[in-house]
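Subject: Handing over the structure

Dear colleague,

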Amino acid sequence: MQTELQRRAYLRAMGIDVWIPRDQAEPESDAEVTEAAVVDLDWDGLRAAVSGCTRCQLHQTRTQTVFGVGSPDADWMIIGEAPGAEEDRRGEPFVGRAGKLLDEMLRAIGEARASVFIANVLKCRPPNNRDPSADESTACRSHLERQIELVQPKIILAVGRVAAHLLLDTDEPVGRMRGKVHQLGATPLIVTYHPAYLLRSPSQKRKSWDDMCLARRVMSGALA
Ligand code: SF4
């Protein structure tokens, strides 16, 4: 159970007062790894497949793919939407101001960037930070699904509208998905706001604390 002190510390930190190779042959390049084959890849294979992926048009405009960071044995998996400009440049998800805010959110519940696994639905940056298209999300989905299978997290935090919609196959507003324990297969999933949105709408930061508390309660077994 989170204490009032922890809640305050959190709000302060947030800036608030108070697959199989085709024809059984090795693929000639990682880009040729089929959807079916992704389910069989280990971490190195998956990383290589993503790095060389040309399944959707985003490979033409990316600086580099953004695979994900953190512990491969993490209990927590944080899933956002897609790399932005700085992520595309650095090859790491959730960097810059939004990344720092996410780090603060994690720190407030006793987790660190290195102890969770952070990934995006899409591994390449959509130009001009537009929303991913349905085709792009579908093309990249098996990469994320394999990451989830390999990490086997005890809880997933879907960060923002795009991730929540894709993972839960819904178009409900984030505000209506928050505050509930969803399931992704057997894994509990909590929806919260994207840190970039919280930077634009600081009044919502208190709600993100409630979401983190809910996730902690699920992790502690206080909620099924
Ligand atoms: S976004 Fe995903 S599917 Fe599209 S090119 Fe990048 S890694 Fe491949």
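**What was found**

Helix H10 (residues 205–220) lies across E2, E4 and E6, and runs at about 170 degrees to E6, where axes are lines fitted to C-alpha atoms, for helices over the stretch in contact, and angles run from 0 to 180 degrees between N-to-C directions. Helices (H or I, at least four residues) and strands (E, at least two) are DSSP runs, numbered from the N terminus.

This is a predicted model, in which local features need pLDDT of at least 70 and side-chain atom pairs count only at pLDDT 80 or more, while totals for chains, interfaces and linings use all residues. Residues are numbered from 1 along each chain as its sequence is written, and side-chain values use heavy atoms, with hydrogens and water left out.

The sheet is open and has 6 strands in the order E1-E3-E2-E4-E6-E5, with mixed pairing; two strands pair if DSSP finds at least two bridges between them. Its edge strands are E1 (69–70) and E5, each of which pairs on one side only. E1 pairs with E3 (residues 117–120) in the antiparallel sense over 2 bridges, and there Gly70 stands opposite Phe117.

Strand E4 (residues 155–159) pairs in the parallel sense over 4 bridges with E2 (residues 76–80), where Ile79 stands opposite Ala158. E4 also pairs in the parallel sense over 4 bridges with E6 (residues 187–192), and Val159 has Thr192 as its bridge partner there. Because 5 of the 5 residues of E4 are buried, this strand is largely enclosed by the rest of the structure; buried means under 20% relative accessible area, with a 1.4 Å probe and protein chains only. Ile155, Leu157 and Val159 lie on one side of E4, and Ile156 and Ala158 on the other. In a regular strand the side chains alternate between the two faces of the sheet.

Helix H7 (residues 161–168) has 7 of its 8 residues buried, so this helix too is largely enclosed by the rest of the structure. Its buried residues, among them His165 and Leu166, pack against E2, H6, E4, H8 (174–177), E5 (182–184) and E6, with contact meaning heavy atoms within 4.5 Å. Just after H7, Asp169 takes a positive phi of about 55 degrees.

Finally, H3 (residues 43–51) and H6 (residues 134–151) pack at an angle of about 160 degrees, with their axes 11 Å apart. That makes H3 roughly antiparallel to H6, a term used for angles over 145 degrees.

With best wishes

Methods. Angles under 35 degrees count as roughly parallel, over 145 as roughly antiparallel, 65 to 115 as roughly perpendicular and the rest as oblique. Buried means under 20% relative accessible area, exposed over 50%, partly exposed in between (1.4 Å probe, protein chains only).
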